[in-house]
Amino acid sequence: MTTAGPAPVTPVTTRPVVCCGCTQQCGLRVDVADGRILDIRGDRAHPVSAGYVCPKGKDAAELVYHPDRVLTPRRRIGPRGSGQWADVSWDEALDDIAARIARLTAADGARSLAYSYGTFRGGDWGIGERFLNRHGSPNSCGQDKICYGPLTLAEALTYGSGPTVFTAPVAGITRCVVVWGMRPAASAPLLWRAIGAAQKAGAQLIVIDPERTREARHADLWLQVQPGRDAELALALLHLLIKDDLIDHAFVREHTTGFEDLRAHVTGLEPVALAKACGVPLSRLQEAAALIGRSRPTVFNAGNGLCQTGAPVIQIGRAIACLIAVTGNLGVAGGHALLGPPRDMLANGDMLDAAALPEAERARRVGAGRYPFLGHGYRGLDDAVAAAWYGRQHSLNWIATAHEPSLWQAIADGTPYPVKALIVQHHNPLGANPNAPAVARALQSPNLELCVVHDLFMSPTAALADYVLPAAHWLEKPYFSFGIAFVGAFGDYVGANHAATAPPPGVRSDYELWRDLAQRLGDGAAWPARAEDFYARSLAPAGLDFDTVAAANGPLFGAAARHPDHATELPPRYGTPSGKVELSSSLLAAWGLPAVPTAAVPALGRDAADFPLTLTTGGRTIEGFHENAQHLRRYRRTHAHPAATLHPDTAARHGIRDGDWFTLETPLGRVRQQARLSAALAAHVVCADRWWYPEGTGDAQDPYGLWATNINVCTSDAADDSDPVMGAWLLRGLPCRVSKED
Ligand code: SF4
């Protein structure tokens, strides 16, 4: 006879993982019992984040166990957007998808298949580009055009490496920090912590932002720039620094070329006119220039507020890169670290098999005909960067993806050639992309013969798909990253971990989806069964393996590590055609574009007298990261409805009260928003939140109510509003007007 004892206690395992709730990649500790996540907290032992965790990281398991999560593959059985679905097995779905891709490839060529992926949701972010490269299609579209791509390209054109504008200040060494178009308290809390420490040690803080943000309230000097006019502000700073002789002559003499062209150009500009255009009094610009010029080292932390300004974006980035260079803040401790790609390990282009894509196909990717860097221009920069950094080609491959607005045109109109199949991964183009009507036209077009969405939740885009496939959450898959997934622009370090918990049976990771499609299309040998074994290929040349890196709990540095803390070296050759820091860009000149930084204004803003206000969109909060967190209860408590911020005086003039619904309109479209009143903005500026509204249905005519409230009905992807180098589109600085709702 046995007597009943105490119930057995389920052992709790604690696993260290890197958080992929945003791009900060804090170290977390996850308690798991019986395969279920019990608790998530910051990892005090993590060498970078040292215990920090934000609400998104803390609540991440809520997404894993969310009742609305898609857990079984679905195939459309009614008309597109009818909401009629049948559950199918993965094998049924993938067999059919692979057969359709094979048929379209035979009839219309490999380039008839496109891939569109969203922002960072795990270590296998963007892995589908590898499949497309090997398949022969150049049409992988990332969000690089509006997410650090322009700043990276501008820096690379200037000194052949980037982005350096993430570089954290070093407390006690950095003497001035410029936060420009960025809200690090919300978007980069580890950077914000470093800025706070630098301030405590005596560094001055300059914030450049249209809104009096939390960062601006902590600043010694806040420059309230007019949205989208940052190029004029940067040119004014260059003018003043050169005129007042606050530049580093030794650096300019030894490391740069084109200084005389730059000097002649900016000293010929009228500072009063520049001050008027950017909306900042000249006296404050003079104060900022003096602070930057007299406080070395200075570090410039620039963000996506700049990357989303359309036409001027490369000019803004180039002007900032020139500011960094002429003030001698490149390659100095406490200034900007030039890290380059990894030397020993394989990163971006290598891991994504960029070389497998025929050169002629790269030049034919959608958008390459109009935007030189996406096509013929890429090779010149890539060769120059490779000549400076270990002969490694395609390290900037991640910013040379196809142009998404051009993709919608190719699908809907068949120009420049038909694209008939689209796989969308962790992305909702109908919500996130500018000119939402153009996206809808493509997704609803009969020309689109196959549309597959792989994601955690339904979305307006998923509602129009032929297949919706359930995706693994980042806690359910291994993590591997050079900075951000395969990007590898931050020197020789790498991080990895195993999955915190197993995914539900019906769910596959990004890597597994592409592996399983490749197997069906005859390329299975190139895709190891486990993602960890694929990642290990990157590590092998450095004598590392996945388990060793995963066991390190924190980034591991390769033999040639150049980390910000010891980034005082400058390369013997810069990754530009001249091998120097090019203040006048030889590549931009070769592409028929201004070689020295200039100002540019989107066409939409030039003649819009009926739209007297200025619209800016997006802007991060600590509770959200694009669509990653928007099913979280905490996010919805603070963002219950699509909202826009108005100055109280502007609202009063239109009879709008706090919490009222009102009409917001640009020359391109109109939507409803809920009013949030704040004097932190100038009276003529309106700031609309990034859209996402999970309530509602996938109704074909108005999926999830997007035509009523999606701010991207009002934003522009027009070529004359976009930057002419890589086609970055216009989300900030649009003319607009508001009215009280009837
Ligand atoms: S800031 Fe938050 S979401 Fe981002 S990595 Fe850190 S804990 Fe995760």
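**The sheet and its helices**

Modeller: Start with an open sheet of four strands, in the order S10-S9-S8-S12, with parallel pairing. This is a predicted model, where local features need pLDDT of at least 70, side-chain atom pairs count only at pLDDT 80 or more, and totals for chains, interfaces and linings use all residues. Residues are numbered from 1 along each chain as its sequence is written, and side-chain values use heavy atoms, leaving out hydrogens and water.

Colleague: What makes S10 and S12 edge strands?

Modeller: Strand S10 (221-223) and strand S12 (298-302) each pair on one side only. Strands here are DSSP runs of E, at least two residues; helices are runs of H or I, at least four, and both are numbered from the N terminus.

Colleague: Why are H9 and H13 called oblique?

Modeller: Helix H9 (residues 230-243) and H13 pack at about 60°, with axes 9 Å apart. Axes are lines fitted to C-alpha atoms, for helices over the stretch in contact, and angles run from 0 to 180 degrees between N-to-C directions. Under 35 degrees is roughly parallel, over 145 roughly antiparallel, 65 to 115 roughly perpendicular, and the rest oblique. H9 and H13 are therefore oblique to each other.

Colleague: Which residues of H9 meet H13?

Modeller: Leu233, Ala236, Leu237, Leu240 and Leu241 do, with contact meaning heavy atoms within 4.5 Å.

Technical notes:
Two strands pair if DSSP finds at least two bridges between them.
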